[in-house]
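Here's a walk through one structural model, taken a piece at a time. Keep the viewer open as you read.

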Amino acid sequence: MKNSEESDSYIIHGKLALPYTYFAGRTGSTFLTTLRDHRTIMGVKCTTCNRVFVPPRQTCERCMADIRSQWVTVSNRGTVVNHTVIRYQDKHLPRKPPFVLAMILLKGADTPMAHILEGVNPDRVEKGMEVTAVFSPATTNTLLDIDHFEPVAEAP
Amino acid sequence: MKKNRNVGVIGVGQSVFSSHREEVNQPEMIHEAVLEALDQAGMTMDDIDCVLHGNMELFEMVHQPDLWHTLGTGAFGKETLRVTTGGTTGATLVCAADALVASGLHDVVMAIGFEKLQEGHTTGGITNMADPLWTRKLQTGALTGMTATQLMDEFGEERAKRASMLYRITMDKHAMNNNKAHRRLGLEFDQAEDLAINSPPLVGELRMIHMCSQSDGTCVMIFASEKKARQHCKQPAWIKDHITVHREENFAIFGDAPVTTTHRYAAEKLFERNNIMDPRKEIDMMEMYDPSSWWGLDWLREFLLLEGDEHLEMVENGEIALDGAFPVNPSGGVIASNPIGATAMVRVAEAAMQIMGTAGDHQVPKQVNTALASGFGGTMWTVLTLLTRDLPGL
Amino acid sequence: MTEKTTAGLVADIFGTMEARVIPDGVDGITANYGYIITGPNGGKWTVCVADGRVKVMEDLVKPDVTTTCAEDDWIAITLGKLDGMTAFSSGKLKVTGDMGLLVAAAGFFEKYQPQPAEVTVADIFATMESRVNPDGVKGITANCGYRITGEGGGEWTVCVAYGKVKVLEGIANPDVTTTCADDDWIAITLGKLDGITAFSSGKLKVEGNLDILSTAARFFKKYCPPSAGPEEAPEELIALKQVLSIPQTFATGPVMGHFLNALKEKKILANQCPECQRLQIPPREVCAECVVRCKEFVQIGPEGIISTPDVAYYASPDPLTGETRETPYCSCHFLLDGCKGHETMWHELKASDIPRAERGVRVRPVWNDTLTGSVTDIKYFEIIDD
């Protein structure tokens, strides 16, 4: 029997669909419920290297110190330390393009946190820009309980 | 196996194995075992040169999990490698760690195998190992009743069923001594008949009671060069040899022709090159990757190169019990605890602990000089690891 | 838990089911669930689910699945103190009939809340010795008499000395005696009525050394009614549920493509190793044993025999759709005509043929109406009747 290579090479479509449940753990749950119930952003401070981690973690991965009980409250305001503009569309993205993802260093934190930045023309975002958290009216028990960040209005 | 230098296991850490670990996320669960292994080896992360990380992505569907897990592994700023070979992942991690230390590339290597099966769908994940063009549609996860059918054909239904249940209850009795084990049911031998009838069937005569658990858990092992091992550990467990044997991905073992299993093939090669003539006498204990009590029973014959019904007799005579002549799975085995990416490593870890004398309540009473551990995965993949109390000659 | 409170508990669990139904949980399910609960307070019940409703009947009524369990274990499972799967695995809970139905049953009902058992004055005094607060009785030597009036009342003396407490029935040499109605005494103990208010309003009368009584408030740890659990709010641990669905496209390549294309013409092909001569089904580009390229295709079957049948009772998801498969189904290795040894083809056997699934029985493929060149072109194999 002859093997006609071209007509025999084709594409078939498949799908991979499986259910998952992820657990935030004790430290992550405290962070998320505080965000949700008190609109307060919490971090943990490593007592060895003095870094404040936001979001929090049980262990300082640099010192290996157990820092789970070293809670500190950080400000809902911070500054943009870096950013990028998402210009393509895909169903997993949280917003329609173009939108801005920024690294935001909250006052009192030592680690910047990635989040969506709105209320500013994507081409006008600048390093050092002061921004504040805008909380979501509905909860998803995720970091998106902060709906987005937006620039702090200039004082009149 | 040709080695540049000897490699010893000097520390083992295990999280508690359980189906409910809602209070920790993945890196936090891993961290528990990392701390225990460092403590046992008398080390800090500063002493570790390289971190190996392994699991199967589909069980948790996290791409590049070693990245996130740096929060718990201690790998920040260190050489890190990721290994994933299905069910054998944990055993392959041991092979990789052994190679890295024996070669002289690193003096101290930490290997981490983990899985958090509660977060995904285990059977669904395994089913997707199959070729998507043909067999994925037909795969039934890792469940099959074919071994049970074969054993009943060969030894009669009554004896085969009873032996597999004796094996199961022996494993549970072992697990009762291991406070890290996941399923500790408190089974008694007089329940054998009742369970063989009333436990719900999964596939053929493979019943729920026979089958391994789905667990969350982490296993961590620390491997060191001979010099470092002696500095940190009174009695390391030395890695004498290991062998990996694969078959093709589409099984090609069902039908009416005799089959040499990868288990028997691996054991024959391993024993031959280590001058082991009578494994039951020359090896002191075995920790086997036993996904079900039917497989555990059947594979005793393959790993120990037994003939006829010797493997059934070993189970019936209590030879495989903790205080028996040839203890098998003092940990309770995979039937008791199965965090898959860690599972094959737990086998080597248990064998190492038996040699080091650190197995606690599940330490076998006799001195263990030589121990064998098996890993299993995919479509009949075998990894065998041989560990010794005495320093192997190079 | 005291014996008194477990007596009606099993009956109460079943009795409250109709009121605890979760409509979404029972939606689309029609089945009768039988329960045989053994033990002195056990019994037989049938939970009938149909049209989004639940009716609980005594005795077994045409059950599709029957669960047998000892009463203590059943109570423990219902209250979440015993894991159902563990009970099942260890043989404490036995199931006959259609297992698959039980999986759905976990979502039928709101969690059972046991009715708080009636608090009695006798129980309050009976538990005092076990509730002693060591710091509260330190350095105190006193006999406190209690005269509780009403139907549930009685007389007791609480003797405190050397850091220990003994409760006696009757009044014995009291330094101070308290007289109170039974209902009021229960209300005070449960914290529903303030002791000082009761004293001020005359509900509680005291004779003797009043100072001793003011220290008595610290003698005991809080009284917990018999069946109420600890009152701490459960810890909130966040879980995020997601179904991750990824579209995929797979290239067949010329070898699998040739095999799959032939299915459209209802032909089953194998390819043959030029060295060991074995047939590969499905075909592989290279024989893994001989490590040589296999170019020759041969037509096999389509009829053959059952080689190794495997009947699955556990419902795993179909990975292509994520949907749960119907059970039982039979995954089967077939030896098609023209093949020998391990040259089997893996597919499914028709579900209704499962009872006759034995090695050597002759089978033929049943083709789908539309042929697309994929594994589903063959619906299943069926047994050929003579």
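## Ground rules

This is a predicted model, so to speak of local features we need pLDDT of at least 70, and side-chain atom pairs count only at pLDDT 80 or more, while totals for chains, interfaces and linings use all residues. Residues are numbered from 1 along each chain as its sequence is written, and chains are lettered from A and ligands numbered from 1 in the order in which they are written.

## Chain C: domains

Chain C splits into domain 1 (3–105), domain 2 (121–216) and domain 3 (253–383); the bounds come from an automatic or database domain assignment. Taken over C-alpha atoms, the centres of domain 1 and domain 3 of chain C are 42 Å apart.

## Chain C: a five-stranded sheet

Chain C has an open sheet of five strands, in the order β8-β7-β6-β9-β10, with mixed pairing. Strands here are DSSP runs of E of at least two residues, and helices are runs of H or I of at least four, numbered from the N terminus. Two strands pair if DSSP finds at least two bridges between them. At the edges sit β8 (164–169) and β10 (204–208) of chain C, each pairing on one side only. From one strand to the next, the twist averages 20°.

Look at β6 (residues 142–149) and β7 (residues 154–161) of chain C: they run antiparallel and are joined by seven bridges. One detail to click on is C:Asn143, whose bridge partner in β7(C) is C:Cys159. Packing on the sheet is helix α9 (residues 182–189) of chain C, which touches β6, β9 (176–181) and β10 of chain C. Contact means C-beta atoms, placed from the backbone, within 7 Å. The direction of α9 makes about 105° with that of β9(C); axes are lines fitted to C-alpha atoms, for helices over the stretch in contact, and angles run from 0 to 180 degrees between N-to-C directions.

## Nonpolar cores

A nonpolar core is a set of buried Ala, Val, Leu, Ile, Met, Phe, Trp, Tyr and Cys residues joined through C-beta atoms within 7 Å. Buried means 20 or more other C-beta atoms within 10 Å of the residue's own, exposed means 12 or fewer, and partly exposed is in between, with C-beta atoms placed from the backbone. The largest core has 174 residues, and B:Ala111, B:Met221, B:Met345 and B:Ala352 touch the most other members. Helix α16 (residues 340–356) of chain B gives the largest share, 11 residues.

Leaving aside neighbours within four places in sequence, the contacts of B:Met221 include B:Val9, B:Ala37, B:Val94, B:Ala111 and B:Met345. Another core, of 18 residues, lies apart from the largest one, with C:Val26, C:Tyr35, C:Ile37 and C:Leu93 among them.

Two cis peptide bonds are worth a look. A:Pro97 and A:Pro98 are joined by one, with omega about -5°, and A:Pro98 sits in the loop between β5 (77–86) and β6 (99–106) of chain A. The bond from C:Gly301 to C:Pro302 is cis too, with omega near 0°.

A:Arg39 is partly exposed, with 13 other C-beta atoms within 10 Å, whereas C:Val291 counts as exposed, with 9 C-beta neighbours inside 10 Å.

## Where B meets A

The contact takes 21 residues from chain B and 19 residues from chain A. On the side of chain B that touches chain A, α4(B) gives the largest share, three residues.

Definitions and conventions
Contact = placed C-beta atoms within 7 Å.
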